[in-house]
Amino acid sequence: METAFTAPEKESGTYDAWILENEPGETDLLKQREEAAFFLYRPLISVVVPVYETDEGMLIRMIESVRAQTYENWELCMADGNSSKAYIHEKLQEYANRDKRIKVVFLKENKHIAGNSNEALSLAEGVFIGFLDHDDELAPLPFMRW
């Protein structure tokens with residue numbers, strides 16, 4: 001299987017070796033993206049994320065990991081539980097302004113993981129719902145576009 005990057009040799013039997021052997025390469029991902037555009041059934045998938053005091057790098061990687069998926073009929077629904085870090089509000093608003101698939105609600109208080117998740121879920125319109133935490137990432141792809 002083709003890979004999109006050159007990596008050092010990995011010891012046989014390790015997780016890293018398995019990833020290199022089994023994860024799709026750039027060509028595979030491009031093919032997935034092209035084929036997904038012609039699916040007869042293209043349900044909206046809602047990805048629900050509670051946000052609170054997230055590290056900036058983790059927040060960006062989580063959002064970008066969703067944006068980089070080969071299936072594009074999704075929405076990212078996030079609820080910020082009144083984080084005190086200004087960059088969180090700024091980044092969430094920036095992404096919502098740049099990508100119409102991203103929805104954000106800013107809460108007046110932190111309702112913790114369950115309450116913040118429920119608030120984000122209230123934004124969801126998808127046929128299918130998936131949940132991520134604010135510091136999770138979906139499998140990375142070798143190329144991304146903005």
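Biologist: What covers the buried residues of α5?

Modeller: The cover includes β1 (45–51) and β2 (74–80). In α5 (residues 112–121), the buried residues are Gly115, Asn116, Ser117 and Ala120. Buried means under 20% relative accessible area, exposed over 50%, and partly exposed in between, with a 1.4 Å probe and protein chains only.

Biologist: What kind of model is this?

Modeller: The model is predicted, so local features need pLDDT of at least 70 and side-chain atom pairs pLDDT 80 or more, while totals for chains, interfaces and linings use all residues. Residues are numbered from 1 along each chain as its sequence is written, and side-chain values use heavy atoms, without hydrogens or water.

Biologist: How many helices and strands does the protein have?

Modeller: There are five helices and four strands. Along the sequence they follow the pattern α-α-β-α-β-α-β-α-β. Both kinds are DSSP runs numbered from the N terminus: H or I over at least four residues for helices, E over at least two for strands.

Biologist: What share of the protein counts as buried?

Modeller: Of its 146 residues, 32% count as buried.

Biologist: Why does Pro50 count as buried?

Modeller: The relative accessible area of Pro50 is 6%. The limit for buried is under 20%, so Pro50 is buried. Pro50 is in strand β1. Leaving out residues up to four places away in sequence, Pro50 touches Ala79, Ile113, Asn116, Ser117, Leu132, Asp133 and His134. A touch is a contact, that is, heavy atoms within 4.5 Å. Between Pro50 and Asp135 the C-alpha distance is 9.8 Å, although they are 85 residues apart in sequence.

Biologist: What makes Glu75 buried?

Modeller: Glu75 has a relative accessible area of 4%, so the term is buried. Glu75 lies in strand β2. Residues that Glu75 touches, apart from those up to four places away in sequence, include Ile45, Ser46 and Val47, and also Arg101, Lys103 and Leu123.

Biologist: Is Asn73 buried, exposed or partly exposed, and how do you know?

Modeller: Asn73 has a relative accessible area of 22%, and therefore counts as partly exposed. Asn73 sits in the loop between α3 and β2. Not counting residues up to four places away in sequence, Asn73 touches Arg42, Pro43, Leu44 and Ile45. Asn73 and Ser46 are 27 residues apart in sequence and 8.9 Å apart in space, C-alpha to C-alpha.

Biologist: Why is α3 called roughly parallel to α4?

Modeller: The axes of α3 (residues 56–67) and α4 (residues 86–98) come within 10 Å and cross at roughly 15°. That angle makes the two helices roughly parallel, since angles under 35 degrees are roughly parallel, over 145 roughly antiparallel, 65 to 115 roughly perpendicular and the rest oblique. The contact is made by Glu56, Leu59, Ile60, Ile63, Glu64 and Arg67 of α3 and by Tyr87, Ile88, Lys91, Leu92 and Tyr95 of α4.

Biologist: What classes of residue are in the contact of α3 with α4?

Modeller: There are seven nonpolar, no polar and four charged residues.

Biologist: How do you know that Phe39 and Tyr71 are stacked?

Modeller: Their ring centres are 6.1 Å apart and their planes are at 25°, so the pair is stacked. Rings of Phe, Tyr and Trp (its six-membered ring) pair if their centres lie within 6.5 Å; planes under 30 degrees apart are stacked, over 60 edge-to-face and the rest tilted. Phe39 is in the loop between α2 (26–36) and β1, and Tyr71 is in the loop between α3 and β2, 32 residues apart, so the pair links distant parts of the chain. Tyr71 is buried at 15% relative accessibility, whereas Phe39 is partly exposed at 42%.

Biologist: How many aromatic pairs does the structure hold?

Modeller: It holds two aromatic pairs. Tyr15 and Trp18 also form a stacked pair, 6.3 Å centre to centre with 15° between the planes. Both lie in helix α1 (residues 15–22), three residues apart, about one turn of the helix. Tyr15 is exposed, with a relative accessible area of 60%, and Trp18 is partly exposed, with 46%.

Biologist: What is the phi of His112?

Modeller: It is near 65°, a positive value in a residue other than glycine. Most residues other than glycine have a negative phi. His112 is found in helix α5 and counts as exposed, because its relative accessibility is 55%. Glu53, in the loop between β1 and α3, also has a positive phi, of about 50°.

Notes:
Axes are lines fitted to C-alpha atoms, for helices over the stretch in contact, and angles run from 0 to 180 degrees between N-to-C directions. Ala, Val, Leu, Ile, Met, Phe, Trp, Tyr, Cys and Pro count as nonpolar, Asp, Glu, Lys and Arg as charged, and the others, Gly among them, as polar.
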